[in-house]
Amino acid sequence: MNQTIFNKLRPIFAVSTNIEEEALLKKIATHQDPYLFLTENNRLRAYVDLKNLKTEKIDYSNLHINQIFSNAISIDKLGTFKLNQTLSLPFIFQALGQPIVLVKNEQNDITGYVRREDMLAGMFREETKNINILRVLLASIPMGLFVIDHEYKIVNCNESGLKMIRSEADEVMGKDARIIFHKEQVNEVFATGKTILNQIRITDEMGVLVDYSPIETSNGNVEGAIIIVQDLPMVEEMAMEIEAVKNLNSDMNAILSTIYDELVVVDHTGNILRHSENYIRDFWKGELNELVGKNILDLEKKGDISPSITKLVLEKKEKVSRVQEGKHGKKVLAVGNPIFNEKGELQRVVIASRDITENTKLKTELKQTREITKRYKQELTRLKTMTAEPSHEIIYCSAKMQQIVNQVEKIAKFSSTVLVQGESGVGKEMIARAIHQKSNRSNKPFLTINCGSIPENLLESELFGYTKGSFTGADMKGKQGYFEQAHEGILFLDEIGDMPMSLQVKLLRVLQESEVVPIGSVTAIPVDVQIIAATNKDLKGMVEKGTFREDLYYRIHVIPIRVPPLNERSEDIPLLAYHTLQKLNQRYDKNYHFSPDALNLLENYSWPGNIRELQNLIERLFVTADEDVITAALVDQFMSNGIVKKAKPMVNGIMPLQKAKEEVEEQLILLAMKKFGTTTKAAEALNISQSAVSRKYQKILQNE
Ligand SMILES: Nc1ncnc2c1ncn2[C@@H]1O[C@H](COP(=O)(O)OP(=O)(O)OP(=O)(O)O)[C@@H](O)[C@H]1O
């Protein structure tokens, strides 16, 4: 019995797992026979049957040691028998249940191993002797067994086998096994003497998983074969499990690829364990063959793969994210996550990347658009301020304004103090600015301060400045006053009539001494500032009433300019109206114009608010007009709406009646002549004789 079982004792190659991986692989590569791996203290660790690797031709240079060990069979699963052990039935069952049986000598040294098929073949050979054992054996094992002789004929089989292929013994016995099972595999086993495992056979009668093993003579010739059959339902279950795992895997890949565009998993040394398809397309420069098993760090060094963050994650052992560039300028956000085992050792690195090319593009576009918008905004504000800034171009055609403009030209050559008088909105500030523009101070500051709208103490500090800590609430650093700031330029003191008496003294001093003493200081600062003061009040009258200092009045009344109200120069009205409308047209890209009647109406209005009022009214007309033409009806509507009041003869104070009559008469004649152009028509309108109009008109012209 023992002889039978052990007469095909195969040698075992034992290797220690602590030898260099490369050497180990080489050693394994030279033999196809199983290996026993030993632990450091020479104990058995695992058994590796290279046939289990399933790969027909193994390229050992590409094989990773982990792949070999993943096929290792735990040492607990191996049966162990002594060479001379008597094999009772239970022992035989035990032996057949093991993929391999280790055989030891009396000294307990492993002398070789026996495969399951070797054992069965031996027993068949000794059939007559072991007939009973064999029968029991064949009947009781859960797998199907078919024994084939050298002519491929089935010479023996068990009940389980018959059930599995759904046949009776007489249908099978003596039949060529190649008809029932895989012809090629049976031929191959006979030709090569190799075992072929896990062949699925599905026909109308059966669905089984088949292993083919050779029965070899002691000199190595194949003299038959053993076919081991397992029911497919069981196999199916396994297969389904595998299928389920596969599905799970592909689901996982699908889910991951929707969350991430690329995915690669490496072990702690950088060996690629798995990757998504996109990863190959976007980062792998080589062929689309398998990347698994290759080392990502080596590939990076060789330049076969775009640099990844694997190295960083392996070094830092923490999550790392970076924007990386793939093929064709593709930008990805790669996040590398280290995965640790229970001992806290780094086991895997999962690198998931997201394509952010589009995002980056959009971001860049957004940035550019923002910049453009910013520039447009700046430009718009610039344009707005330009349009909002009062134009310094003096618009006029009246002789009165011509006189003023001539005066401005002359004054601009000197730095004398100027007093501009006139009603509100007549253009006093405009005149002051014109002086500045034409003077040689034009590239120095022009500062304006409204003396009527600022509280007294604030006005003082604004005008003269203060030193640090000079009063509660003062700026810590102190402040330069307007006089200092306007040095070498012009200071426009608007509403000078509203300046408090106390400040009038101080102002007078500055004007006389040409130096300022800031609040809280004792040191005078020399200043060279030209003063242009303006008022709509009767300063002379105020002096008489004692509300304005006489000395200051004379100090500022050096060059007086009186800007006449608009109704004293009504010929300027159409021009100013047209000019204002043009500016609005330009600003809003429109082409509005006045009807002649509308201009007439505007011209005949008294304009108590002067040019400012005119500008406001025109802006209102512009906004309201439905058509390009601003009609008299529309102008009238605003006037009768009470927004502006219709002109009425105005009397500003008591005067001799005769003089008043003459003035009214003069105005009426001028208006009529301007409107109708001829004395005849003017006479008609004024309801007096043509000769009277002619005479009076000549007189007016002579007096002007
Ligand atoms: N001759 C003119 N040509 C063009 N625009 C003018 C003219 N005169 C005045 N303006 C405009 O009229 C508006 C009022 O002018 P300005 O502020 O100079 O008047 P002001 O007499 O100083 O008024 P206030 O006394 O109320 O300070 C300004 O927008 C100014 O540009």
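**Entry 1: the sheet around β6**

I began with strand β6 (residues 100-104), which five bridges join to β7 in an antiparallel run. The model is a predicted one: I kept local features only at pLDDT of at least 70 and side-chain atom pairs only at pLDDT 80 or more, while totals for chains, interfaces and linings use all residues. Residue numbers count from 1 along each chain as its sequence is written. Helices (H or I, at least four residues) and strands (E, at least two) are DSSP runs, numbered from the N terminus. I take two strands as paired if DSSP finds at least two bridges between them.

V103 has G112 as its bridge partner in β7. I then looked up the whole sheet, which is open and has three strands in the order β5-β6-β7, with mixed pairing. β5 (79-82) and β7 (110-115) are at the edges with a single partner strand each, so one side of each has no neighbour in the sheet. On average, neighbouring strands here are turned by 30° against each other, direction ignored. Axes are lines fitted to C-alpha atoms, for helices over the stretch in contact, and angles run from 0 to 180 degrees between N-to-C directions.

**Entry 2: a hairpin**

I looked up β8 (residues 144-148) and β9 (residues 154-157), which run antiparallel and are joined by three bridges. I148 has I154 as its bridge partner in β9. The two strands form a hairpin with five residues between them, and Y152 in the turn has a positive phi of about 70°.

**Entry 3: the five-stranded sheet**

I read the order of this open sheet as β19-β22-β25-β18-β26, with parallel pairing. The edges are β19 (446-450) and β26 (559-562), each with a single partner strand, so one side of each is left without a neighbour in the sheet. Neighbouring strands are turned by 20° against each other on average, direction ignored.

What does L419 of the sheet stand opposite in β25 and in β26? In β25 I found A533, and in β26 I found P560. β18 pairs with β25 in the parallel sense over four bridges. Four bridges also join β18 (residues 418-421) to β26, again running parallel. Q421 has R562 as its bridge partner in β26.

I checked the side-chain directions: V418 and V420 point one way from β18, L419 and Q421 point the other way, and all are buried. I count a residue as buried if 20 or more other C-beta atoms lie within 10 Å of its own, exposed if 12 or fewer, and partly exposed in between, with C-beta atoms placed from the backbone.

Helix α17 lies across β18, β19, β22 (490-494), β25 (530-535) and β26, and runs at about 165° to β25. For contact I require C-beta atoms, placed from the backbone, within 7 Å.

The axes of α16 (residues 399-411) and α17 (residues 428-438) come within 8 Å and cross at roughly 40°. The two helices are therefore oblique to each other; under 35 degrees counts as roughly parallel, over 145 as roughly antiparallel, 65 to 115 as roughly perpendicular and the rest as oblique.

Which residues meet between α16 and α17? I listed I404, V408, E409 and I411 in α16, and I431, A434, I435 and K438 in α17. By class, this contact has six nonpolar, no polar and two charged residues. Ala, Val, Leu, Ile, Met, Phe, Trp, Tyr, Cys and Pro count as nonpolar, Asp, Glu, Lys and Arg as charged, and the others, Gly among them, as polar.

**Entry 4: chain totals**

I noted 29 helices and 28 strands in the protein chain. Of its 704 residues, 27% count as buried.

Conventions
Two residues are in contact if their C-beta atoms, placed from the backbone, lie within 7 Å.
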